[in-house]
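Let's take it piece by piece, beginning with the strands.

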Amino acid sequence: MAEFTGDSVVKVTDLVAGYLPGVNILNGCSIEARRGELIGIIGPNGAGKSTLLKAMFGLVKVHSGTVIVRGEDLTGLKANKLVSLGVGFVPQNNNVFSTLTIEENLQMGMYQRPKDFRERFDFVASLFPELAKRRAQRAGSLSGGERQMVAMGRALMMDPAVLLLDEPSAGLSPVKQDETFLRVHEINRAGVSVIMVEQNARRCLQICDRAYVLDQGRDAYTGTGRELMKDPKVIQLYLGTLADTA
Ligand SMILES: Nc1ncnc2c1ncn2[C@@H]1O[C@H](COP(=O)(O)OP(=O)(O)O)[C@@H](O)[C@H]1O
Ligand SMILES: [Mg+2]
């Protein structure tokens, strides 16, 4: 077991991973989230951002490299095991059970620890009061933004040390995007480290503590959100004209 320095919540080192034998999508990717940090992951389409989160969550085969969570090597473990060890994941699509109610969706997040339901439900309700109010409503009848909150709430039920979010603002109206970023910020302030992949690069850099730019399966640049927003290379290659209004 690697030594736990106390500050590192997730440390991914030189990750090589892919879907097919001999075809690597991640080509030596390294990122770290320390306690309390909100980490952004940006980069062009196809850079491997979703693959990185899936590889961290045991859903894509890791060929080499390590995923260390709170000092423990969890590389290649299955998703259900990772959930019980403090890793939460909200995939980009199909992240709620539409035929189930909000409350049942949250119960699904807790199937490994049903006894703690009440306490965790209260925590999630403090972050998403509207979910608690509408707990009996079916998730399929909710808007995209509301479903995103149910998905985040479900992942938070297991009290994760780190929450992996894949493009939480995708497909939402600008107002709902802002609300989603605000919620992510609140989740982070409640003590959960967050690693958030975002297509809305500028907004992501505005709210995160640090970020990584992924390109062709590697971490090409890293820095604080503010630094990256001002970095001419990052602007030219990844932010384009969006950066002009920052
Ligand atoms: N299920 C899959 N099977 C095979 N290749 C995939 C699969 N999902 C993604 N890929 C490939 O992996 C690469 C990176 O994809 P992805 O991680 O989704 O990028 P991003 O999230 O940065 O847009 C792309 O070339 C994509 O075609
Ligand atoms: Mg993606």
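Strand β1 (residues 8-18) and strand β4 (residues 61-69) run antiparallel and are joined by 7 bridges. Keep in mind that this is a predicted model. Strands of a sheet pair through backbone hydrogen bonds, either parallel or antiparallel.

Now for the ligand. Ligand 1 is surrounded by a set of residues that includes Tyr-19 and Ile-25, plus Pro-44, Asn-45, Gly-46, Ala-47, Gly-48, Lys-49, Ser-50 and Thr-51. Sorted by class, that shell has 4 nonpolar, 5 polar and 1 charged residues.

| Residue | Atom of the residue | Atom of ligand 1 | Distance |
|---|---|---|---|
| Tyr-19 | N or O atom in the side chain | nitrogen | 3.4 Å |
| Ala-47 | polar backbone atom | oxygen | 3.2 Å |
| Lys-49 | polar side-chain atom | oxygen | 2.8 Å |

As for how covered the ligand is, ligand 1 taken alone exposes 560 Å², and the protein buries 58% of that.

On to the charged pairs. Side chains of opposite charge can pair when their charged atoms come close. How many salt bridges does a search of the whole structure find? It finds 12. One of them links Glu-103 with Arg-135, with the closest N and O atoms 2.9 Å apart. Glu-103 lies in helix α3 (residues 102-109), while Arg-135 lies in the loop between α5 (129-133) and α6 (144-156), so this pair ties together parts that are 32 residues apart in sequence. Arg-135 has 25% relative accessibility and so counts as partly exposed.

Another salt bridge sits within a helix. Arg-118 pairs with Asp-122, and their closest N and O atoms are 3.3 Å apart. Why are these two about one helical turn apart? Because they are 4 residues apart in helix α4 (residues 117-127). Arg-118 is partly exposed, at a relative accessible area of 46%, and Asp-122 counts as partly exposed too, at 40% relative accessibility.

Lys-176 and Glu-179 form a salt bridge as well, with 3.6 Å between the closest N and O atoms. Both lie in helix α7 (residues 174-189), 3 residues apart, which is about one turn of the helix. Lys-176 counts as partly exposed at 32% relative accessibility, and Glu-179 is also partly exposed, at 23%. Elsewhere, salt bridges that share partners join Glu-32, Arg-34, Glu-37 and Arg-210 into one network.

One last stop is Lys-233, which lies in helix α10 (residues 232-239). Is Lys-233 buried or partly exposed? Its relative accessible area is 43%, so Lys-233 is partly exposed. For a sense of scale, the C-alpha atoms of Lys-233 and Leu-100 are separated by 46 Å, and the two residues are 133 residues apart along the chain.

Key
Residues numbered from 1 in each chain as written. Chains lettered and ligands numbered in written order. Predicted model: local features only at pLDDT ≥ 70, side-chain atom pairs only at ≥ 80, totals over all residues. Heavy atoms only, no water. Near = heavy atom within 4 Å. Polar contact = N/O pair within 3.5 Å; in protein donor to acceptor, adjacent residues only side chain to side chain. Areas by Shrake-Rupley, 256 points an atom, 1.4 Å probe, with all protein chains shown as cover. Nonpolar A, V, L, I, M, F, W, Y, C, P; charged D, E, K, R; others polar. Salt bridge = Lys/Arg side-chain N within 4 Å of Asp/Glu carboxyl O. Buried < 20%, exposed > 50% of the residue type's maximum accessible area, 1.4 Å probe, protein only. Pairing = 2+ DSSP bridges.
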